[in-house]
Amino acid sequence: MLEPGRAVIDAAAARGFRLIERVELDGLGIGYARFATPRGMAIKRALRALQGLAGGREVSTDPLYFASGGAIAPAVPAGAIVQAGAAGRIGIIDGGVPPGTAWVAAQQGFAAGAPRPNDHAAAIASLLTGGHGVRASAPGAQLHVADIYGTDPAGGNAAALGQAIAWMVREKVPVVVVSLAGPPNPLLARVIAAARRLGTVVVAAVGNDGPAAPPAYPASYPQAIAVTGVDARGRVLIEAGRALKLDYAAPGADLLAVDAHGRVQRVRGTSYAAPFVAARLSALLDGGGIDAAVRKLDGEARGMRKGSESRQYGRGL
């Protein structure tokens, strides 16, 4: 529930809802409360009950968000050529990365047992800053890693994702890779909008549930940068999901990345396209702000006529 007062929380408790946490996201001006549903109460009934108590405040479930990368297979000598970025701050919201991962400036946990090394997060980090022979797309970038999974079976929820974005804003990280996908959520919508106003943009993958899947979030939020993946021939991945709008395409197959054990592996999925867009966006910031960097990135994106958009490639590759 967004912005609940004490009276609302007490009324919910009287109806059997246990308060899990009440959070104020410092710097964003957004507060919320999480409740556990009374035992035996169906989720739809619980939502109706809280909505009746909320006095017009937004109430929703706390959905989970999942990695947008496909299976990791043994390495083969293949790889896409990607223009390198430049040093800057880039965030990753995912699982954790191993100690000693190249160019990690800070790592913070937002779930039980976090930070905990995760193959998917390690691969994203390696595509940004390299290591073990993998080429960096953002050489020298300072990585800020937020683990929203840890060992928690309910890890990857919207509340943890919102807290991680708020941390990125406080740390003044301008570009954040979120290679995760799930359903819409009112808290997440408000957090991403507030972050963009404060100078932090989320670069999000569209997921791997195919073109007939529901629109993926957070990629579908207007303030996020939505990214799909292509193979080495420039063909959109057949498993690529969709968003309400699409900004760019980038390599998402025929790539090498490093797992949490330091092994070089072949990876595939829209997850692995997002860091390349984040790397270029970070390189183009130059003190001019996110909107100016996006305009420069539009000028670099190729394969589309100027000012045009495509359902397959967004504003370009």
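Visitor: How many of the residues of helix α6 are buried?
Guide: This is a predicted model. In it, helix α6 covers residues 274-283 and is largely enclosed by the rest of the structure. Its buried residues include Phe276, Arg280 and Leu281.

Visitor: Which elements cover the buried residues of α3?
Guide: Helix α3 spans residues 119-129, and ten of its eleven residues are buried, so it is largely enclosed. Among those buried are His120, Ile124 and Leu128. The cover includes β3, β5, β7, β8, β13 and α6.

Visitor: How many helices and strands does the protein chain have, and how much of the chain is buried?
Guide: The secondary structure comes to seven helices and 14 strands. The chain has 317 residues, and the buried share of them is 54%.

Visitor: What radius of gyration does the protein chain have?
Guide: The C-alpha atoms fill a box of roughly 60 × 45 × 40 Å along the principal axes. For 317 residues, a compact globule would have a radius of gyration near 20 Å. The chain agrees with that, at 19 Å.

Visitor: Are α4 and α5 roughly parallel or roughly antiparallel?
Guide: The axes of α4 (residues 158-170) and α5 (residues 186-197) come within 9 Å. They cross at roughly 10 degrees. Angles under 35 degrees count as roughly parallel. That makes α4 and α5 roughly parallel.

Visitor: How many residues of the contact of α4 with α5 are nonpolar?
Guide: From α4 come Ala158, Ala159, Leu161, Gly162, Ile165 and Val169. They meet Leu187, Leu188, Val191, Ile192 and Ala195 in α5. One residue of the contact is polar and none is charged, while the nonpolar ones number ten.

Visitor: Which element gives the largest share of the largest nonpolar core?
Guide: This core has 42 residues, and Leu25, Leu28, Ile93, Ile148, Leu161 and Ile165 touch the most other members. The elements giving two or more residues are β1, β2, α4, β8, α5 and β10. The largest share is ten residues, and the element is α4.

Visitor: Is Gln163 buried or exposed?
Guide: Gln163 lies in helix α4. Not counting residues up to four places away in sequence, Gln163 touches Glu21, Val23, Leu25, Tyr32 and Phe110. Its relative accessible area is 18%. The cut-off for burial is under 20%, so Gln163 is buried.

Visitor: Where is the proline of the cis peptide bond from Ala114 to Pro115 found?
Guide: Omega is near 5 degrees for this cis bond. Another cis bond joins Tyr217 and Pro218, with omega about 10 degrees. Pro218 is found in the loop between β10 and β11. Pro115 is found in the loop between β6 and α3.

Visitor: What is the relative accessible area of Asp254?
Guide: Asp254 is found in the loop between β12 and β13. Asp254 is not a glycine, although its phi is positive, about 55 degrees. Asp254 is partly exposed, with a relative accessible area of 30%.

Definitions and conventions: Residues numbered from 1 in each chain as written. Predicted model: local features only at pLDDT ≥ 70, side-chain atom pairs only at ≥ 80, totals over all residues. Heavy atoms only, no water. Axes fitted to C-alpha atoms, helices over the stretch in contact; angles between N-to-C directions. Helix = DSSP H or I, 4+ residues; strand = E, 2+ residues; numbered from the N terminus. Parallel < 35°, antiparallel > 145°, perpendicular 65-115°, else oblique. Contact = heavy atoms within 4.5 Å. Nonpolar A, V, L, I, M, F, W, Y, C, P; charged D, E, K, R; others polar. Core = buried A, V, L, I, M, F, W, Y, C linked by side-chain atoms within 4.5 Å. Buried < 20%, exposed > 50% of the residue type's maximum accessible area, 1.4 Å probe, protein only. Rg over C-alpha atoms; globule rule 2.2 N^0.38 Å.
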